[in-house]
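Hi,

Here is the model I promised to pass on.

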Amino acid sequence: MCGIAGFCDYQDDFTDEAPFLGRLVRRMGNTLRHRGPDEKGIFLSGHAAFAHQRLAVVDIEGGKQPMTAYVGGYRCTVVYNGELYNSDELRRELEAAGYLFETHSDTEVLLKCYLHYGPECAKKLNGIFAFAVDDEKRGCCFLCRDRFGVKPLFYAVVGGRLVFGSEIKALFEYPGINPVIDRQGLCEVFGLGPARTAGVGVYRGIHEIKPGESALYDKGGLHLRPYFKLQSYEHPDSYEETVKHVRDLVEDAVTRQLVSDVPLCT
């Protein structure tokens, strides 16, 4: 488990405010220290500020974040919480497309998958994840959450800036975002709690990227788009075929989730 936080504004230039904004995003990241006690890092560009708290699991030295790659003179930087279960397959596919890898971390695979496919990369990912990419070429921030919402990702838009974090407490470090509960929030707590309506962050002005949803934030504002929806089909298999299929799926899922460079506990 890692933690990500940050903010971006593609109509403003952060250069003059860099020292203040750097301290601000670091405070946001510090609220998530319990999610990633091994390392921390921040990133600042002209339009974005990211923080990452890392729980190191794969490629202890090479998987440091925020992670940046350059293509055509443009910079892309990612902060990522999660694990890709098809990392090896994606790496081979991207290598065949001409990409070179400097680490064996799934963070680099994710970043270069975004470089190659852009926002459509979400459909290629098999795993649990929440991530943000500052894309200089497109002039945007891309946010994405896994299909079933295993990894959390909250956001708010305040003063023309998109603010995000793995936990709501990180957003409260940003000026102007306060823990105010209105009528809807009370209904969420007392009517549905501990569950919540998908996309609702309980506190006023705070929302959540829904499971299977991505978001693009640019000069035109926030654009939300689902990339996955659960669908139902008639089941054609026999009982014996179903048993075999389910066993294969469970064994494959367990095997993929055991990939680690640190001691395992199961």
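Helices (H or I, at least four residues) and strands (E, at least two) are DSSP runs, numbered from the N terminus. This is a predicted model, where local features need pLDDT of at least 70, side-chain atom pairs count only at pLDDT 80 or more, and totals for chains, interfaces and linings use all residues. Residues are numbered from 1 along each chain as its sequence is written, and side-chain values use heavy atoms, with hydrogens and water left out.

Let's start with S11. Six bridges join S11 to strand S12 (residues 221-226), and the two run antiparallel. A hairpin of two residues links them. Along this pairing, Tyr 217 faces Leu 222 in S12, and Ala 215 has Leu 224 as its bridge partner in S12. S11 (residues 213-218) also pairs with strand S7 (residues 140-145), again antiparallel, over four bridges. There, Leu 143 sits opposite Ala 215.

These strands belong to an open sheet of six, ordered S4-S5-S6-S7-S11-S12, with antiparallel pairing. Strand S4 (67-71) and S12 are at the edges with a single partner strand each, so one side of each has no neighbour in the sheet. From one strand to the next, the twist averages 20° (axes are lines fitted to C-alpha atoms, for helices over the stretch in contact, and angles run from 0 to 180 degrees between N-to-C directions).

What lies across this sheet? Helix H3 lies across S4, strand S5 (74-84), strand S6 (127-135) and S7, at about 130° to S5; contact here means heavy atoms within 4.5 Å.

H3 (residues 106-117) also packs with helix H2 (residues 87-96): their axes come within 10 Å and cross at roughly 45°. H2 and H3 are therefore oblique to each other (under 35 degrees counts as roughly parallel, over 145 as roughly antiparallel, 65 to 115 as roughly perpendicular, and the rest as oblique). Residues of H2 in the contact include Leu 90 and Leu 94, and those of H3 include Val 109 and Tyr 117. The contact residues divide into five nonpolar, two polar and four charged (Ala, Val, Leu, Ile, Met, Phe, Trp, Tyr, Cys and Pro count as nonpolar, Asp, Glu, Lys and Arg as charged, and the others, Gly among them, as polar).

Now for the other sheet. It is open too, with six strands in the order S2-S3-S1-S9-S8-S10 and antiparallel pairing. Its edge strands are S2 (39-44) and S10 (207-208), each pairing on one side only. S2 and S3 share six antiparallel bridges, with Lys 40 opposite Gln 53 in S3, and a hairpin of three residues joins the two strands. Strand S1 (residues 3-8) pairs with strand S9 (residues 161-165) over four bridges, also antiparallel, and Gly 6 stands opposite Phe 164. Helix H1 (residues 18-30) lies across S1, S2, strand S3 (48-54) and S9, at about 145° to S2.

Last, the aromatics: the structure holds nine aromatic pairs. In one of them, the rings of Phe 172 and Tyr 203 have centres 5.1 Å apart and planes at 90°, so the pair is edge-to-face (ring centres of Phe, Tyr and Trp, its six-membered ring, must lie within 6.5 Å; planes under 30 degrees apart count as stacked, over 60 as edge-to-face and the rest as tilted).

Cheers

Note on methods
Two strands pair if DSSP finds at least two bridges between them.
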